[in-house]
Amino acid sequence: MSVKWLFIRKGISAISGLILLVFAGVSFYKSRHLKEPVVLSPGVSQVKKLSEYFTGIKGTINDSNVYILEGEKPGGTILLIGGTHPEEPAARLTTWIFTENAVVEQGKLIVINSANRSASTVTRLGGAYPPDFTIPTSWGGQKFRMGDRWSNPLDQWPDPEVYIHYPSRQELAYVDIRNLNRTFPGRPNGTLTEKTCYALTQLIRKEKVDIVIDLHEAELQYPVISTIVAHQNGLDLAALASMIISGTEGFNIGVEYSPPALHGLSHREIGDHTDAISLLLEAPEPFLDATRGRTDRALLLEGKDEFVVKAGRHGLLFEKMDENGWPIDVRIGRHCSTILQIIELWSEEKPDKTVKVREVPRYTDVIEKGTGYFLRNPAKADPKKIYYE
Amino acid sequence: MSIFASTQIILAVMVVTYIITKALKVSTELSMFAAAIAGALAGGAGIPARHIVEGAFTYLDIILIFITATLFMNILKESGGVAYVIRGILRKFHRNKVVLFVLITFLLLIPGALTGAGSVTVLITGSMIAVVLGYMGISKPKTAAIIFILAGLSAAAPPVSLWAMITAAGVNMPYVGFFLPLLIPCLLLSLLTIFILGWSKKPVNLKKALEELPEASPKMNWLRVFLPFLVFLLLVLAGRIWPHSFPVIGLPLMFMAAASVSLLLSPVRLNFLKISRETVHQLLPLIGTLTCVGILVQIMTLTGVRGLIAITIVTLPLIVVLLTLFLVLPVSEAVLMWGAAPVLGVPLVLLFNTIGLNPIIALAGMSVIWPLGDALPPTAIIGRLTHTAVEMREPYSRLLKYCLIPGAIIMIVGTLMVVFSKKLAFLTLL
């Protein structure tokens, strides 16, 4: 090969690489810095930062907003955690519905939309996730970041060869040191993810939270799906909620006992290390299935996939899957109703710890009107009422 | 057109593009890249810059480990440390091959077992052991086969087996009960491999070996050789013993620390920049492969081709699934590397669990088979790394030829572990 031809070939390769890097770089920058507005519901009385409960995360990407909704009458305290795994968008969007709509008459509701904000700024390597998605609304639509299961390596890197959980010393896959739902209860001198868990644990202790509800979605091939995973201290409440929801709300939800030997998860560690009842909700998300077909925004929002349907026909799924799929409205509706039902049952059982919440849609409302109906237009809102995730 | 048919067409376009570019004598890496671009175009995604770049970074951590570990070994080699060790081992053990083989087995198993990466075994102890085996009269292809198989088994061996850990995490199963189900087959199969491939009654010609081996500097000693390894081992152990007070520094920095100590202790003056440049040059084909595999997997996922392959395999009749594990697992490893664990491992373990098999033993059996795929194209990462580390001049296919018998035994043992997992459940001690 002549020197001239080699020079031309190397030049073309370098320029092509540079073009790819520029286009990709712009896309990465945009999704990492996409501002997601939250138009505060009239019920939000305070917006704090997570670092107010643990200064160790002040100034980090995970110093998330903590939305506090207080009733006029004293009562119990409930914490909703969204965005533990930002690749599970219905979990985050459910918290938007609460922060933009909920009004609390009694007790206190604390909502975190982006518990692991770092993980919401990166998509999974090899996963081909879209960088963002838009929820249609009457005023156009609102764009949200699609995230990953693990904190962004730009914020926490490198990983160890094996992750040893604190304090159990259980060995877990190395990458789970960046998984917010494997690092509870956290530690003050740990990694960013561990510090975030520690801050959340401190919040639960300082605010004397009675119930923590951690919102998730799961692939249909995962056995823990369409269920409430409960620490033993919340098993009765979860079982009762499951029974009533399955009888009245129009969908079925099961109950799973939090395995004592499985460490780092919110449903185990929060229950073990604080006084709060710890529950975790799982909704079905075909987008996460390993056998999914084309990976795009449509799959993320509509939850329809013929490959996953085929897996279901062969008995490989733990939740039904048909041509209707699992649209995001259904998944969000399930979370809304389950949360409301848990709060109502808790309040009936513990009148002195009552939490009364209104203006939050239930399952049928979200399916009928769509999620976008419950998102507020930031262009028409008082700028003082807008916060960004 | 159904989604199955359209995805099959995309897969066909990718395969045909790969075959054509290979026929045009384009390198494997560029052929994979071309297949990825063709797949994206056929799938209507255009040229998806974000996905191409994101996919290219999938194996960045592994690439960094390769570079830093190879740099460490090259510094050790240039300082005369490798020659010193080999001369020492040959003098001490040339009369007792059994002891030597057992020692070699442990030396090859430990680095991969501690780090979960067969590449670390190849790079840390593989190249040195290769020279020792060479002077024992074992041909380079046989030596490479021994090192490749043992490196694979070391990666599957406890305490860190990434296939088992990633799959266990995917099915919500704690990574407990795996120690014996992984240790026993890995250790026995390693010993079996080295004795099958390496045993001969021919004595070691010590005089000839010592004459041919390069002389190390007179100032070289065991302390200068082992202190860098000790630094590496202490850093690994410190992370295990004090995981919550020792900072997470990662394997690449551990190897750089070991390389720095080796450089400082070298009895001869070394040109660090020259060695670094040669190291990167030596590894460039592997780095290229890993980068392009990442891109290929990302585009396969984007277009649904990855899902098509996964769903086709896991929906085969159960008997076919069991009887083809020996083929499916290595092939998935060859394409996806550790990505095979979430894509195939998770649905397979769930399937086995559903039909009443023991998921821990079944997963351990699968974990023993998976590493064999590291010798197969398109990636063949560990196989090619071994080919380079052993300085084999023979074609790569010779390495594969000698892997056939131990590979077949490993496949049979792994498959039997899956089939009889229920009866072997006592090994979990749970």
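Leaving aside its neighbours within four places in sequence, which residues is A:Pro130 in contact with?

## Surroundings of A:Pro130

Contact is taken to exist where two C-beta atoms, placed from the backbone, lie within 7 Å. Outside the four places on either side in sequence, A:Pro130 is in contact with A:Met146, A:Asp296, A:Arg297 and A:Leu300. The residue is found in the loop between β5 (103-112) and β6 (132-137) of chain A; strands (E, at least two residues) and helices (H or I, at least four) are DSSP runs, numbered from the N terminus.

A:Pro130 counts as partly exposed because it has 19 C-beta neighbours inside 10 Å. On this scale, 20 or more other C-beta atoms within 10 Å make a residue buried, 12 or fewer make it exposed, and values in between make it partly exposed, with C-beta atoms placed from the backbone. Its C-alpha atom is separated by 9.9 Å from that of A:Ala298, 168 residues apart along the chain.

## Basis of the model

This is a predicted model, in which local features need pLDDT of at least 70 and side-chain atom pairs count only at pLDDT 80 or more, while totals for chains, interfaces and linings use all residues. Residues are numbered from 1 along each chain as its sequence is written, and chains are lettered from A and ligands numbered from 1 in the order in which they are written.

## Contact between the chains

Chain A contributes 44 residues to the contact and chain B contributes 52. On the side of chain A that touches chain B, α1 (3-32), β9 (171-172) and α7 (306-313) each supply at least two residues, and α1(A) gives the most, with 5 residues. By class, that side of chain A has 23 nonpolar, 12 polar and 9 charged residues. Here Ala, Val, Leu, Ile, Met, Phe, Trp, Tyr, Cys and Pro count as nonpolar, Asp, Glu, Lys and Arg as charged, and the others, Gly among them, as polar.

## Domains of chain B

Chain B is divided into domain 1 (1-47) and domain 2 (48-428), with bounds from an automatic or database domain assignment. Their centres, taken over C-alpha atoms, are 30 Å apart. Each domain places 17 residues in the contact. From domain 1, α1 (3-23) and α2 (28-42) each supply at least two residues of the side touching domain 2, and α2(B) gives the most, with 8 residues.

Beyond four places in sequence, B:Leu296 is in contact with B:Met32, B:Ala35 and B:Ala36.
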